[in-house]
Protein chains: 4
Amino acid sequence: MSIQKKIKVGILGATGMVGQNYLKLLDNHPWFEVVALAASEKSSGKPFQEAVTNRWLMDTEIPDDCKEIVVDDVKEVRAVSEKCQMVFSCFEISDKELIKEYEELYAKEGLAVVSNASANRWTEDVPMILPEINHKHLKIIDIQRKRMGSQGFIVVKPNCSVQSYLTPVFALEQAGFEVEKMIVNTLQAVSGAGYPGVPSLSMIDNVIPYISGEEEKSEKEPQKILGSVVGEKINNRSTLNISAHCNRVPVVDGHLACVSLKFAEKKPSREEILNIWSNFSSKPQKLNLPFAPLNPITYKEEENRPQPRLDRNTDKAMTVTLGRLRECKVFDYRFVGLSHNTARGAAGGGILNAELLVAEGYVS
Amino acid sequence: MSIQKKIKVGILGATGMVGQNYLKLLDNHPWFEVVALAASEKSSGKPFQEAVTNRWLMDTEIPDDCKEIVVDDVKEVRAVSEKCQMVFSCFEISDKELIKEYEELYAKEGLAVVSNASANRWTEDVPMILPEINHKHLKIIDIQRKRMGSQGFIVVKPNCSVQSYLTPVFALEQAGFEVEKMIVNTLQAVSGAGYPGVPSLSMIDNVIPYISGEEEKSEKEPQKILGSVVGEKINNRSTLNISAHCNRVPVVDGHLACVSLKFAEKKPSREEILNIWSNFSSKPQKLNLPFAPLNPITYKEEENRPQPRLDRNTDKAMTVTLGRLRECKVFDYRFVGLSHNTARGAAGGGILNAELLVAEGYVS
Amino acid sequence: MSIQKKIKVGILGATGMVGQNYLKLLDNHPWFEVVALAASEKSSGKPFQEAVTNRWLMDTEIPDDCKEIVVDDVKEVRAVSEKCQMVFSCFEISDKELIKEYEELYAKEGLAVVSNASANRWTEDVPMILPEINHKHLKIIDIQRKRMGSQGFIVVKPNCSVQSYLTPVFALEQAGFEVEKMIVNTLQAVSGAGYPGVPSLSMIDNVIPYISGEEEKSEKEPQKILGSVVGEKINNRSTLNISAHCNRVPVVDGHLACVSLKFAEKKPSREEILNIWSNFSSKPQKLNLPFAPLNPITYKEEENRPQPRLDRNTDKAMTVTLGRLRECKVFDYRFVGLSHNTARGAAGGGILNAELLVAEGYVS
Amino acid sequence: MSIQKKIKVGILGATGMVGQNYLKLLDNHPWFEVVALAASEKSSGKPFQEAVTNRWLMDTEIPDDCKEIVVDDVKEVRAVSEKCQMVFSCFEISDKELIKEYEELYAKEGLAVVSNASANRWTEDVPMILPEINHKHLKIIDIQRKRMGSQGFIVVKPNCSVQSYLTPVFALEQAGFEVEKMIVNTLQAVSGAGYPGVPSLSMIDNVIPYISGEEEKSEKEPQKILGSVVGEKINNRSTLNISAHCNRVPVVDGHLACVSLKFAEKKPSREEILNIWSNFSSKPQKLNLPFAPLNPITYKEEENRPQPRLDRNTDKAMTVTLGRLRECKVFDYRFVGLSHNTARGAAGGGILNAELLVAEGYVS
């Protein structure tokens, strides 16, 4: 697929960590052109470069096109909306009600709002999209548009920890092997907590066996993603029980998940599983979306992989890297999954959602 | 209990990491006097201080008493044995058969061999002791002495990862709540791999989801420890199923375990569990052994504890620190356990075993 | 020296990181009894244990004696002063003028104020004490008392980076070898920045070649410490030129300094230097102060020492550990120095100052 | 410049860390085609992919073209030579005499030997090339060819720590400001020690103030690089005195240098220095070599830069990033320099040397 004219996009929360990741990843994007950068009142009115003085934390330079863009006040919804067809929402504030309100305001202005925030994840008519799994949920956008009274709408992505274990499970279920129970243990990177985030005193010679709110998200969000659109809402898939324990570890990028799972009835052989995973491909691959990994799942044969530093960037940092598939002494199988939390799990995942929306005709 | 005359002890493998930990912890021990330091032929004949030039890796000085001890060749079994009543075996070689052979040779010379090595853990008449749990297994020493044809014998301790989850489970079982299934996920410190051990290139901005041989030990050893002496052997407790996934993380000392468990029949309330743990006390406490922690189990109420750097040294680094007890979405309960792997899990655990042997009259 | 009755002390800023270090180190102190814990209004009125819920960051428990002390509002100067003879000032606020004001208010109430803050370091009649170097500066307290109009006074300690290079230089100067120039490069631990302090994203796979304000302090403070009391003021020793470059590195505790120095005229031999250092002893040693290290300077012969993790705790964490003395290709000599920044460089150093004041009769 | 036909290259020591970096960086190189991979006898005869099973440590996949190349025995000089026009020498053995011998054997077979090893750095007719500085030294190759009795020759690159401080100094000298003295303090990444290299026990919560042999190289090699070819040899520039102190820090890639320098006579202003650096460009830029950075020197204005993780990859990881230029209290100026040690400082630097040789007609 090629695009006639680039789509004009804005970033809400552009000066924050996720916003900076969007800027980094959208540099030279074949479909999207960044035209608006919105942030808090404090930054508004300044050229972006000036607004992030001593706060640009990417390991690449600020894209040249964006250095001089004057930052908008994110509350000036109409002014920002007039410039864009789509916005990426990555507010870094703790007030979820406020985020929800602003995402709706932007949608009501007719924009596609592609969100990284958790505020709208449980809104009934808002699809929570992991493109390789539930691209079909997009059809609920029609319902949402009615509520908004405009062509605008909101699409969200799940929490950054989810894809490392959910994509492989979905591949198995799609092949006819329903999963009933999972115990998931995550070792999560510090970039997931933003900046300044986790203090270094807590991450030198240490790990923290707790991340606020993370276990709840890791357990519940899969039920919506694996659900199905029935009438005007998404029915959760409540028969998959997940117990998640989330740890913070001194890794910059890359969330690791150690998974034990039990099938509901039929249990595939190890070879069947490896086959299913290596052949798994989905809509983003068929549509050849720019940010789609060639393979949604990559399996490493080495006994000590995946490792965050060595494997997180595989396939544009957008694949899920698996390893160590073996029998479980208590359930059926165990494996390890890894995905890049700020690429696949945040800005990269948001961009893939946006590409899917374009390719499926929801943005034009 | 007080001792008339200090017991003379030797260390087999004194120049290695575990050996150095023994030296550090035995400094000023009220019952034991280090009189022999044995190592490979390469070190033998040199004063200990010289033998470890540029290789002493403790954060304390070499104990003054030991600096000038001339290192023995560990293969000169008789020469070493003549000096000691007991030896701590912490060979750092990979040939388990050789370790087994030498531990037996020392036992046959009449010594108590208190071992950290895994070589004899599955020898039928060798007890694998975690003093708070299975001190009663010591009675099999009588059987073993017959085989040795001497008053000598071997006692081993389990793998360093085991106590962080097994002590709390045992406390529950002893109170009448049998555990049927456990899924355990460990985050283990690099000191567990010795020196040089894990390369820094693998531990900066990284974790490794694999430790060779560790999962097997973590799953199997509890069955022997929870077993019972029947006649001339220890019957394993095979009804406890454990699935262990072991990760290496960039922490110096302190193994963390995230545990989900399911009871066989009766399920205690959260309050009951906390009560059982806070009241748990056992033989080493009753005997007031010098290295016994005041409380075998310490529970932290804070939501983000235990943490290795902050909690590993609690109660002489000999307690197991627990936290985050909560319901599990798949099994019954979940919690986090921490124990200091080079103290409680290695040299400190060995010394506690030795103290138990003295207090119970097996060494005199 | 022994004390008849323990001296009652308070901690101003008790809930902060340095305050917590004071509490940890003062536990069971033979001369001092902690009776008052003062902090901001937010904490006041609560039992200390409650005030630091989820914020106690030491690797030891809160001392039992202090758990139930009700926190005072640090602004209630009289109320706090009535309980104590001495206060340790470790405010964690950025407003230096305010700190200065409060330290004076406490002094005017008749208390000895032993400060870790930088606010009064350049006040003319306030001595900046490194006890092994300039204990004689205490005599300026008499001048200060006049200004205060009370028996109270303020004594400060220098920045945490200073002792690792200044004590060894002073020892050489005292032996007749005046130093003219020094280029100092520090590798400083994150605990020096307090909590939350340096973000972990900046300290994993990274170092930062900059610490705000640190180079200025490292260059200037030695001039006052090495100065001499003349009449009513301290004359700076302006003939010692120091160039300091300060780096932040991912180490929990322990500041390292790489030093190149040039002597003014006479240049000692390497043997002379080692001799001077190994024989160096001063007032705190003579007075046998509880927190005085046995040796103010410890020299390690190994080619790769001192190292923060292995050497910072030597001699109660109060000595300066040196190593790698060798010729410099540009100046005369080079060496590496290490001192524990939160012990010797902060709370421990403050306690040693307090002990010196008691032993010299300034507090009774 | 474009190339008619790709030049066939081999890698001596292909299975080691530097060898793997060469493979990673040469993937899709416009001028070079990897046709031979040589290693020790142990690996020879195996497809490369098999030879590095569990030992491929790059964060990218093995290039497809190289996976099936059968590894040669590096000692089969003729067999390897027949396939290539040039070899990159990155032996990972400690026997320098042996490396020297083999590099000569390959040169005598007519090959251009581009070496990362230190074995031939002080061979009189072997140029030690940092292309932006001493590309003119290549003319000594004619002398060397006579000694070899072939068109083959050896070119070496300096130690990985050198460019971070030498390129900026050279730029100043070329502009007429001769430097007389430098005190350099390096904070070096662990990848510089290869694999397994530095143990993680030494790099968690620690730094090491010593790297074997590194200070000597850092002090001496600049004298040869800044020297000039006179007749049949390179005269060292002995009037530049450098004192280097080298530290190992827990950083994966990127060597940092803190530099204080004194000019011989004329001293430029800060603005002049910044101007000289920002305008500095040299032969590799003029020739537009594929691996040449656009700017050999990049200056960052932020007060806390350069930082290894954020800046090491700037300009293809081939520039030297500088920051913090300011007056020195003891010498004239101070600054901080950073270069990527495994890219610019090892394989990338070797490739740039190779490109220079091709562009200058020494390889055809």
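In which crossing, right-handed or left-handed, does helix 1 of chain A pass helix 14 of chain A? Keep that question in mind while you set up the view, and bear in mind throughout that this is a predicted model. The model scores ipTM 0.96 and pTM 0.97, and if you colour chain A by confidence you will be looking at a chain with a mean pLDDT of 96, in which 100% of the residues reach 70 or more.

**First stop: two helices of chain A**

Select residues 17-26 of chain A, which form helix 1, together with residues 343-359 of chain A, which form helix 14; the two pack at an angle of about 60°, and their axes lie 9 Å apart. With that angle, helix 1 of chain A is oblique to helix 14 of chain A. Turn the view until one helix lies over the other, and the opening question is settled: helix 1 of chain A passes helix 14 of chain A in a right-handed crossing.

Now show side chains at the contact. From helix 1 of chain A, display Val18(A), Asn21(A), Tyr22(A), Leu25(A) and Leu26(A), which meet Ala343(A), Ala346(A), Ala347(A), Gly348(A), Gly350(A) and Ile351(A) of helix 14 of chain A. Coloured by class, the residues in this contact of helix 1 with helix 14 of chain A come out as eight nonpolar, three polar and no charged.

**Second stop: a loop of chain A**

Staying in chain A, centre on Asn54(A), which you will find in the loop between helix 2 (48-51) and helix 3 (64-67) of chain A. The backbone deserves a look here, for phi of Asn54(A) is near 60°, a positive value in a residue other than glycine.

Bring chain B into view beside chain A. A rotation of 180°, with 0.0 Å of shift along its axis, superposes chain A on chain B with an RMSD of 0.0 Å. The same surface serves both copies, since 100% of the contact residues of chain A recur in chain B.

In chain B, select helix 1 (residues 17-26) and helix 14 (residues 343-359), which pack at an angle of about 60° with their axes 9 Å apart. Among the residues that make the contact are Tyr22(B) of helix 1 and Ile351(B) of helix 14 of chain B.

Next, move along chain B to Pro196(B), which lies in the loop between strand 7 (179-188) and helix 9 (214-225) of chain B. The peptide bond leading from Tyr195(B) to Pro196(B) is cis, with omega near 5°.

Then select Tyr195(D) and Pro196(D), which are likewise joined by a cis peptide bond, with omega about 5°. Pro196(D) is located in the loop between strand 7 (179-188) and helix 9 (214-225) of chain D.

**Last stop: chains C and D**

Finally, show chain C with chain D. How is chain C superposed on chain D? A rotation of 180° with 0.0 Å of shift along its axis does this, at an RMSD of 0.0 Å, which is the relation of a two-fold axis. Because 100% of the interface residues of chain C are also interface residues in chain D, the copies meet through the same surface.

Notes:
Residues numbered from 1 in each chain as written. Chains lettered and ligands numbered in written order. Predicted model: local features only at pLDDT ≥ 70, side-chain atom pairs only at ≥ 80, totals over all residues. Heavy atoms only, no water. pLDDT = per-residue confidence, 0-100. Axes fitted to C-alpha atoms, helices over the stretch in contact; angles between N-to-C directions. Helix = DSSP H or I, 4+ residues; strand = E, 2+ residues; numbered from the N terminus. Contact = heavy atoms within 4.5 Å. Least-squares fit on C-alpha atoms with pLDDT ≥ 70 in both. Parallel < 35°, antiparallel > 145°, perpendicular 65-115°, else oblique. Left-handed = near helix turned anticlockwise from the far one by under 90°. Nonpolar A, V, L, I, M, F, W, Y, C, P; charged D, E, K, R; others polar.
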